[in-house]
Amino acid sequence: MRIIGLTGGSGAGKTAVSNCFQRFGAGSVNADAVYRTLCSSCQPMLDALCTAFGNILTPMGQLDRPKLAAAVFADPAKLNELNALTFPYIREASLSQMIELSANGHAVILYDAPTLFQTGADSLCESVIGVIASRETRIARIMARDGLSQAAAAARIDAQPDQAFYQAHCHYLIENDGSIPALEAQAQTVWAQIIKKGESPQ
């Protein structure tokens, strides 16, 4: 089982890149989707979050994600604490999904995780793809996707690593500012390099 990390800041367009790789034959595990499932089903994680951040549950007993986000995104220390609390649960559930995908014939599995490096999840990966886009593009995407104001979208970006971080830490970079064909061409090039690397003598 070969695990390839996929990461990038909010609004960079990781989902579009992931879709490309899935068309090429990769399996995919999305850390955010795993987290959303845990937010409604993993009581030990919810208890730990309430202890750390106060009452951040909905009346139905599920995690109120917008309320939690408001409490942590403007404070790097709290964001780090959130990652430290949730990652062990996300890692365990993600690995379970990866094992299932591998058993179903996927030799390459993409691990889509926005906080891949911050949580140490890059240690699971043989290489990492970083998706980058301009600040203006990212702000516009976040506003359209999440219904946030420009100021709120900018604040979310400012709480995350900048583009130089991904340039320094990732093995491959995909720029997602242009057209879909341009994005697909970049993804195809990276995919070919990953496959070639897997076929090379170790």
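Me: How many aromatic pairs does the count come to?
Reply: This is a predicted model, in which local features need pLDDT of at least 70, side-chain atom pairs count only at pLDDT 80 or more, and totals for chains, interfaces and linings use all residues. Residues are numbered from 1 along each chain as its sequence is written, and side-chain values use heavy atoms, with hydrogens and water left out. Rings of Phe, Tyr and Trp (its six-membered ring) pair if their centres lie within 6.5 Å; planes under 30 degrees apart are stacked, over 60 edge-to-face, and the rest tilted. By this rule, the number of aromatic pairs comes to 5.

Me: Is the pair of Phe24 and Trp191 stacked, edge-to-face or tilted?
Reply: The ring centres of Phe24 and Trp191 are 6.0 Å apart. Their planes stand at 40 degrees, so the pair is tilted.

Me: How many residues apart in sequence are the parts that Phe24 and Trp191 tie together?
Reply: Helices (H or I, at least four residues) and strands (E, at least two) are DSSP runs, numbered from the N terminus. Phe24 belongs to helix H1 (residues 14-24) and Trp191 to helix H9 (residues 180-199). The distance in sequence between the parts they tie together is therefore 167 residues.

Me: Is Trp191 buried or exposed?
Reply: Buried means under 20% relative accessible area, exposed over 50%, and partly exposed in between (1.4 Å probe, protein chains only). Phe24 has a relative accessible area of 25% and is partly exposed. Trp191 has a relative accessibility of 12%, so Trp191 counts as buried.

Me: At what angle do the ring planes of Phe117 and Phe165 stand?
Reply: Phe117 sits in the loop between strand S3 (108-112) and strand S4 (127-132), and Phe165 in helix H8 (residues 163-169), 48 residues apart. Phe117 counts as buried at 16% relative accessibility, while Phe165 counts as partly exposed at 21%. The ring centres are 5.6 Å apart, and the pair is edge-to-face because the planes stand at 80 degrees.

Me: How many residues apart in sequence are the parts tied together by Glu126 and Arg2?
Reply: The side chains of Glu126 and Arg2 form a salt bridge at 2.6 Å, N to O. Glu126 lies in the loop between S3 and S4 and Arg2 in strand S1 (residues 2-8), so the sequence distance between these parts is 124 residues.

Me: Which residue's backbone oxygen lies 2.9 Å from a polar atom of the side chain of Arg2?
Reply: Arg2 counts as buried at 18% relative accessibility. Contact means heavy atoms within 4.5 Å, and leaving aside neighbours within four places in sequence, Arg2 has contacts including Ala107, Val108 and Lys197. The backbone oxygen 2.9 Å from a polar atom of the Arg2 side chain belongs to Ile194.

Me: Which residue forms a salt bridge with Arg23?
Reply: Arg23 lies in helix H1 and its partner in helix H9, so the pair ties together parts 161 residues apart in sequence. Arg23 counts as exposed at 55% relative accessibility. With the closest N and O atoms 3.0 Å apart, the partner of Arg23 is Glu184.

Note on methods:
Salt bridge = Lys/Arg side-chain N within 4 Å of Asp/Glu carboxyl O. Polar contact = N/O pair within 3.5 Å; in protein donor to acceptor, adjacent residues only side chain to side chain.
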